[in-house]
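Here is a brief report on one structure.

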Amino acid sequence: MSVSPKIQLQQLVDLQKVDDQIFEHKKALADIPHQLDSARSELEEKKRVLKIVTEEIAALQKQRKDLELEVQGENDHMAKAKTKLPAVKTNKEYTAILTEVDTVKERVSKVEDKELEIMEILEVKAKEIPGVEKKCKEEDIYFNEYRQKKETEEKRFKGELEELVVKRKNIADELETVILKRYQKISDSREGGAVAGLQGDICQGCFQHVLPQMVIEIKVGEKIHQCANCLSFLFWDEVPETSVPK
Ligand SMILES: [Zn+2]
């Protein structure tokens, strides 16, 4: 193969560019499930709050029902005690029954106070429900939109990635095997960045000076060089005039 060093270097630059894009795409694709997980946990948190409030209300309603039954039981007890009154023979018996009735009345009053207390709490809790439900609904809508957006994104990234892989293969096929292998080795060892620009005599991969002779050869493009320090393939990266400090 007699491809000029200049062209080969350009191919390396192109390969690096495509590899960078492939890396970014893979990273973005790997991030999507995590992004969805964290959005889903937000929704689940809202649903959890709603469930807690609903359960609290149900528990209070059951408590209230139990108290109602208790009152009913006490009232039955009282009615039964009163039926004994006509058969009473002594004053002592009479007083005993009245005392019993009074005790029951007292208990009923206490239970009814408790019931009232619960009803007040229930009222407050019930007022929380619409707000919590609203938040839940909003989060549900938001999550579904977000998921759709992410699914579309995923599809697009996958399509683009396929194209990039083809593009990469085409570039790699053009490269000399030795160069490609060297590129791959460097790339694998540091997860990308096998090609670096040379600005002045500074390698942009490691910011070390490069020998003057090498600088000239890279600038002319007559040889393929790697940085002696970081092994990056070096290409001449002209510094724009405006960014050169005076
Ligand atoms: Zn370097």
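## Sheet

Three strands make an open sheet with mixed pairing, ordered E2-E1-E3. Strand E2 (202–203) and strand E3 (233–236) are the edges; each has a single partner strand, so one side of each lacks a neighbour in the sheet. Strands here are DSSP runs of E, at least two residues, and helices are runs of H or I, at least four residues, numbered from the N terminus. Two strands pair if DSSP finds at least two bridges between them.

Strand E1 (residues 195–199) pairs with E2 in the antiparallel sense, over two bridges. Gln-199 sits opposite Ile-202 in E2.

## Model and numbering

This is a predicted model: local features need pLDDT of at least 70, side-chain atom pairs count only at pLDDT 80 or more, and totals for chains, interfaces and linings use all residues. Residues are numbered from 1 along each chain as its sequence is written, and side-chain values use heavy atoms, leaving out hydrogens and water.

## Helix on the sheet

Helix H4 (residues 212–220) lies across E1 and E3. It runs at about 65° to E3. Angles run from 0 to 180 degrees between N-to-C directions, with axes fitted to C-alpha atoms, for helices over the stretch in contact (heavy atoms within 4.5 Å).

## Domains

The domain assignment, automatic or from a database, gives domain 1 (28–162) and domain 2 (194–241). Their C-alpha centres lie 72 Å apart.

## Cysteines

The structure has zero disulfides (pairs of cysteine sulfur atoms within 2.5 Å). Cys-136 counts as buried, at 8% relative accessibility. Cys-203 is also buried, at 0%. Buried means under 20% relative accessible area (1.4 Å probe, protein chains only).

Conventions
Buried < 20%, exposed > 50% of the residue type's maximum accessible area, 1.4 Å probe, protein only.
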